[in-house]
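Here is a short briefing on a protein chain. Look at the model first, then read on.

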Amino acid sequence: MEYFERHEGGERAILVHLDIRQLRDPDDLEEFELLVDSAGAQQLAIVTGSRLKPDAKYFVGTGKAEEIAEQVRLHDADIVIFNHSLSPSQERNLEALCQCRVLDRTGLILDIFAQRARTYEGKLQVELAQLNHLSTRLVRGWTHLERQKGGIGLRGPGETQLETDRRLLQTRVTQLKAKLDKVKQTRAQGRAKRQKSDVLTISLVGYTNAGKSTLFNRLVDENIYAADQLFATLDPTLRRLDWQGIGRVVLVDTVGFVRHLPHELVESFHATLEETLEADLLLHVIDSASPDMHEQIKAVKAVLAEINNDVPVLNVYNKIDLTGEPAHIGYAREGVPNRVYVSAQKNLGIDKLYDAVQQLLSGRLHTFDLTLPYDAGQFKNALYQLDVILEEDFDEAGHECLKVRLPNDKLKQLLGQADIDPYQVLPTEQADRLMPKLEPFEQAEPAQTDQADVNSDKE
């Protein structure tokens, strides 16, 4: 009879990172060290090496496995953490050799998520991801009970301990999915209310530690938890704010993405990621100072593709205070911005971000000089709600004069709702820009038709 007892984990860690030449997109060692720090582990030593492909028994070769075991004994380590995904048998073989707990990259990320979860939904999602990951690893702790035993006192209810564990685990997974479905319904109701009231939603997405929460705090003038560590934000945070030229919007701060994000995490956090699917605009926050910027951008795009996201995206290149890049807006074509350069930490370029988002959601901005009639209070109130008034004054007749900055279509819409003729409140050239005149042949056709109708009536 074989019994395999899993070792307890701890904080004192030996790190293992291999350069697998067969992989097109290798794991990053620097990011791995950040993950370990974020988990709160004490890094004792790093074992590195390279292989053409992973070994079936230990993932690393036999000699490298012995080297890892020697480092564990030398440093009296509690845990060995791999920067790779290990199979259940590889974890078991390594634990038997090293006589300590072995954790792979997926388990490490799950542990960080478990530490960060604060809300009811976040804790449910983390537990579901952990159980999905654990379901393939139950065999390791119960190998002595894999077969039913015969004899007096050993006959059971017809299933092994392993089968019992699997059944209980599946029951818990079903319960968690049911609870998350209720959370999903609540989120859907909240989104439906926002859509019904025409409230726009802007979601911040991006690689972990790109500065999303810092930018979120800058935009909403709050102090949501933000730190220089991976997955500082796990639970989505929603806030309402007034965006100049657009009006009331809901801003959403979401969980950061990472390369090779475990599939069970993507599935479990689908309810959270749906906030990005239902947004009107995604602000993809990019760490422009990172040497791995392009790989991180690809990782975010891969996760968004996995959840079938087709929401418009504005790339926000953050941390320009570290790169020396000036704050500015970049355009895909005239009037359509696709990137903006800011520093959330140093408050650089935030005004450019406001302008870029306004242009994307409302159209190209123009300045207008309005002279309002005395009964235009409702129209002026709408301008105040949009926060588009630049200057206020009065003319000699006592009419209020406003200088405003907003898109043509938005002003045209507001004037129509207030039943105000643009030519009564705007200079002629501005009114012409707002209300383009028809060409002569376009004016002539309705007139001929009207005359024909009159003649037919006479007949």
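Which exposed residues does the face of H2 turned away from its buried side carry? They are Gly63, Arg73 and Leu74. Here, exposed means over 50% relative accessible area, buried under 20%, and partly exposed in between (1.4 Å probe, protein chains only).

This is a predicted model: local features need pLDDT of at least 70, side-chain atom pairs count only at pLDDT 80 or more, and totals for chains, interfaces and linings use all residues. Residues are numbered from 1 along each chain as its sequence is written, and side-chain values use heavy atoms, without hydrogens and water.

**Helix H2**
- Helix H2 covers residues 62-75, which is 14 residues.
- At 1.5 Å a residue (times one less than the number of residues), H2 should span 20 Å, and its end C-alpha atoms are 20 Å apart, so the two agree.
- Aspartate 76 follows H2 and has a positive phi, near 55°.

**The buried side of H2**
- Ala65, Ile68, Ala69, Gln71 and Val72 are buried in H2.
- They lie on the same side of H2, because they cover an arc of only 155° around the axis. The arc is taken from the directions from the helix axis to the C-beta atoms.
- The buried residues of H2 pack against strands E1 (12-20), E2 (42-51) and E3 (79-82), and against helix H3 (88-98). Contact means heavy atoms within 4.5 Å.

**The whole chain**
- The protein chain has 16 helices and 14 strands. These are DSSP runs, numbered from the N terminus: helices are H or I with at least four residues, strands are E with at least two.
- Of its 459 residues, 46% are buried.
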